[in-house]
Amino acid sequence: MLQAVRGTKDLLPDVINDWHYIEEIFRKVTKKFNYKELRTPIFEYTEVFSRGVGEGTDIVNKEMYTFQDKGENSLTLRPEMTASLVRAVIQNNLTAQETVARLWYFGPFFRYERPQKGRQRQFHQFGAECLSSANPESDVEILLLADNLIKELGIKDYKLLLNSLGNKSSILSYKKELTSFLKSEFENLSEDSKRRLDQNPLRVLDSKDEKDLKVTQNAPKLIDFLDEESKEHFKFVTNSLDHLNINYEINHKLVRGLDYYSHTVFEFQSNYLGSQDSFGGGGRYNELFEELGGKHTPAVGFAFGVERLLMILESQKLINKNNNNLDFYIVCFGKEYFSYVIEISTLLQKNGYSVNYDISRKSFKSQLKDSDKLKANFSVIIGENEVISNQFVVKNMISGEQMKIKLENFSKFVKF
Ligand code: AMP
């Protein structure tokens, strides 16, 4: 039997309502903040990600689905959105029309990672980006938007981890100090970190390996390397969060995997997820537009993993499993009455109701059973007597109540 590719999932009708529900909330929350949706192609020229995400990152080095098309272009299925979004904003000159561009997105992403609970090769992200402002006000807005989403979904018991990488010169001086510290501890590092050390020393701080955790306990702290401007930026963010009663924890080792971050970085963690406990994250990226050939455009944004959000909603019983959305089932005594079935069904549909009827020529009894199975709110019964008397029986499947309604009165009935 043919199977779906490892690490991918079919979203079957029994879960799709949960997806519609969460997508509705994405729309509702972003609308309140006047963010506009943007959709970009699923694949891009590979260069968008190698330049945009960074050559030294795991995503680019190990996880991209890259292939050559028939025109010998190197293309990549998008592993994340920010680089694609920046490419699209530059190409379509979106920041020219507004002083600040506020954008959001939702869709599938692809990473060749080892599949496990909460980790797939095709997964979905919802994210938002606030473009053009270098000020910490926009960091606060983005964090407030993320907080609104979490509250709207009803998620509690989660942690917001926060850190600042500072500006470019702070990061550079920190990287230098960190590298020399890690070199002095070289023998105590994991094999992975030994390899990472030259390309991306910050990543060693991210490592979950016991050996690395021991070493990095005593590593120099980012926060001690912030210059005045960077300190002020971060203080503005933390003061605002305090004022807004948004709880956070400063985590000195939080650096996030990607090359493009500076200043504020953050991550949302939940105990309901097991080892893959991060359900969202983001930060400020001021250099990415120039990296991809655009003009200087400071920006800040976040991405949430939608599968992980749904896992939390499920485990906290925050999702309504009531999938009953069939309004009417039309039960028919024989194929000769099919035109009545269609007439009544069309009338009901015009009034916005969902309708099912039998197309397999089943017996009257089996049709009634189907009506039950499909959890219809109402059944309409059409047979010889009904056609002759022009009166149709409508049965409320919940209360069992029945009434007879004339065809010409149907539209009045369905009005309320
Ligand atoms: P990132 O772009 O790596 O910062 O990821 C942002 C969020 O996307 C994470 O916090 C996860 O919730 C989700 N995510 C990332 N990679 C995967 C994956 N392979 N499978 C499922 N969710 C993922």
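By salt bridge I mean a side-chain nitrogen of Lys or Arg within 4 Å of a carboxyl oxygen of Asp or Glu. The two partners are 43 residues apart, with Arg-87 in helix α4 (residues 82–91) and Glu-44 in strand β2. Helices (H or I, at least four residues) and strands (E, at least two) are DSSP runs, numbered from the N terminus. Arg-87 and Glu-44 are both buried; buried means under 20% relative accessible area, exposed over 50%, and partly exposed in between, with a 1.4 Å probe and protein chains only.

A word on the source. This is a predicted model, in which local features need pLDDT of at least 70 and side-chain atom pairs count only at pLDDT 80 or more, while totals for chains, interfaces and linings use all residues. Residues are numbered from 1 along each chain as its sequence is written, and side-chain values use heavy atoms, with hydrogens and water left out.

To return to the charged pairs, the structure holds 22 salt bridges. In one of them, Arg-102 pairs with Glu-141, their closest N and O atoms being 2.7 Å apart. Arg-102 belongs to strand β5 (residues 101–110) and Glu-141 to helix α6, 39 residues apart. Arg-102 is partly exposed at 29% relative accessible area, whereas Glu-141, at 18%, counts as buried.

Lys-159 and Glu-249 form a salt bridge as well, with 4.0 Å between the closest N and O atoms. Because Lys-159 lies in strand β7 and Glu-249 in strand β8 (residues 249–250), this pair ties together parts that are 90 residues apart in sequence. Lys-159 is partly exposed, at 38%, and Glu-249 is partly exposed at 37%. There is also a network of salt bridges linking Asp-58, Lys-62, Arg-196, Arg-203 and Asp-206.

Strand β7 (residues 158–164) also contains Leu-161. Is Leu-161 buried or exposed? With 3% relative accessibility, Leu-161 counts as buried. Its C-alpha is 5.9 Å from that of Asn-251, a residue 90 places away in sequence. Beyond its neighbours within four places in sequence, Leu-161 is in contact (heavy atoms within 4.5 Å) with residues including Glu-249, Asn-251 and Phe-266.

The largest nonpolar core has 45 residues, and Leu-85, Leu-131, Leu-182 and Tyr-285 have the most contacts inside it. Such a core is a set of buried Ala, Val, Leu, Ile, Met, Phe, Trp, Tyr and Cys residues joined through side-chain atoms within 4.5 Å. Helix α7 (residues 168–184) gives the most to this core, with five residues. A second, separate core has 39 residues, among them Trp-19, Ile-25, Phe-26 and Leu-160. Leu-182 touches Leu-189, Leu-197, Pro-201, Val-204 and Val-215, setting aside residues up to four places away in sequence.

Helix α13 (residues 306–315) is largely enclosed by the rest of the structure, because seven of its ten residues are buried. Glu-307 and Arg-308 are among the buried ones. Just after α13, Lys-317 takes a positive phi of about 55°.

Finally, the overall division. The protein is divided into domain 1 (13–167 + 227–315) and domain 2 (325–412), with bounds from an automatic or database domain assignment. The centres of domain 1 and domain 2, taken over C-alpha atoms, are separated by 49 Å.
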